[in-house]
Amino acid sequence: MSELPVINSRSLELSYKIPISKTKRFWDGLKEGKILATKCRRCGKLYFPPVADCGACYSSYMDWVELSGEGRLVTYTHVIVKPASFRDEQPYTVAVAELKEGVKALAWLTNVKRKDIKIGMGVRLVPKQFTDGRVAYVFTPLTGEGRDQ
Ligand SMILES: [Zn+2]
């Protein structure tokens, strides 16, 4: 199979602007050290990350609730070949954990050596503030479970 001829073009910088009007409280919560979810006032379904409208009963009456952040690791993967937006990061681990409150969360798993990661280990979802002002959330092991610090 012959390859198509190509020329190298300029690289493209992409920056995403994500509308947050209905979830601003969530981002503010992270800055205050809180992990917030929304709970449907009509049917009680809990959402993390928070959503403005309930996908189960279509209600828009949602309450904000603070989560403990504590959960158990369900699955994880190491990301070596990174997407463009994370190309400057070291290889990282993405994990899914089931939180005490019954919702699953997806986030980077930090502060733990790869060899110490075990399915079922206790993790806590914590806010992370970057030096450029961005906020996100990451998992960190519960104390005594293979902490790398
Ligand atoms: Zn609902």
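Reader: What pattern does the chain follow, read along the sequence?

Author: The pattern is α-β-β-β-β-β-β-β-β, from 1 helix and 8 strands. Helices (H or I, at least four residues) and strands (E, at least two) are DSSP runs, numbered from the N terminus. Keep in mind that this is a predicted model: local features need pLDDT of at least 70 and side-chain atom pairs count only at pLDDT 80 or more, while totals for chains, interfaces and linings use all residues. Residues are numbered from 1 along each chain as its sequence is written.

Reader: Which strands close into a barrel, and in what order?

Author: There are 5 of them, in the order β4-β5-β6-β8-β7, with mixed pairing. Neighbouring strands of this sheet are turned by 50° against each other on average, direction ignored. Two strands count as paired if DSSP finds at least two bridges between them.

Reader: Which way do β6 and β8 pair, parallel or antiparallel?

Author: Parallel, over 2 bridges. Trp108 has Val138 in β8 as its bridge partner.

Reader: And how many bridges join β7 to β8?

Author: 7, and those two strands run antiparallel. Leu125 sits opposite Phe139 in β8, and Val123 has Pro141 in β8 as its bridge partner. The β7 and β8 hairpin has 5 residues between the strands, and Gly133 there takes a positive phi near 95°.

Reader: What about β4, how does it pair with β5 and β7?

Author: Antiparallel with β5, over 8 bridges, and antiparallel with β7, over 3 bridges. Tyr76 stands opposite Ala95 in β5, while Gly71 stands opposite Val123 in β7.

Reader: Where does helix α1 lie?

Author: Helix α1, residues 24–31, lies across β7 and β8, running at about 55° to β8. For that angle, axes are lines fitted to C-alpha atoms, for helices over the stretch in contact, and angles run from 0 to 180 degrees between N-to-C directions.

Reader: Switching to packing. Which residues touch the most other members of the largest nonpolar core?

Author: Ala95, Ala97 and Phe139, out of 19 residues in that core. The elements giving two or more residues to this core are β1 (35–40), β4 (70–79), β5 (92–99), β6 (104–109) and β7 (122–129). A nonpolar core here is a set of buried Ala, Val, Leu, Ile, Met, Phe, Trp, Tyr and Cys residues joined through C-beta atoms within 7 Å.

Reader: Which residues is Ala97 in contact with, leaving aside neighbours within four places in sequence?

Author: Gly71, Arg72, Leu73, Val74, Lys104, Ala105, Val123 and Phe139. Contact means C-beta atoms, placed from the backbone, within 7 Å.

Reader: Ok, Cys40: buried or exposed?

Author: Cys40 counts as buried because it has 21 C-beta neighbours inside 10 Å. The cut-offs are 20 or more other C-beta atoms within 10 Å for buried, 12 or fewer for exposed, and partly exposed in between, with C-beta atoms placed from the backbone. Cys40 is in strand β1.

Reader: What's Cys40 in contact with, again skipping neighbours within four places?

Author: Lys45, Cys54, Ala56, Cys57, Ser59 and Met62. The C-alpha atoms of Cys40 and Ser60 are separated by 7.7 Å, with the two residues 20 apart along the chain.

Reader: And how much of the whole chain counts as buried?

Author: 19% of the 149 residues.

Methods. Contact = placed C-beta atoms within 7 Å.
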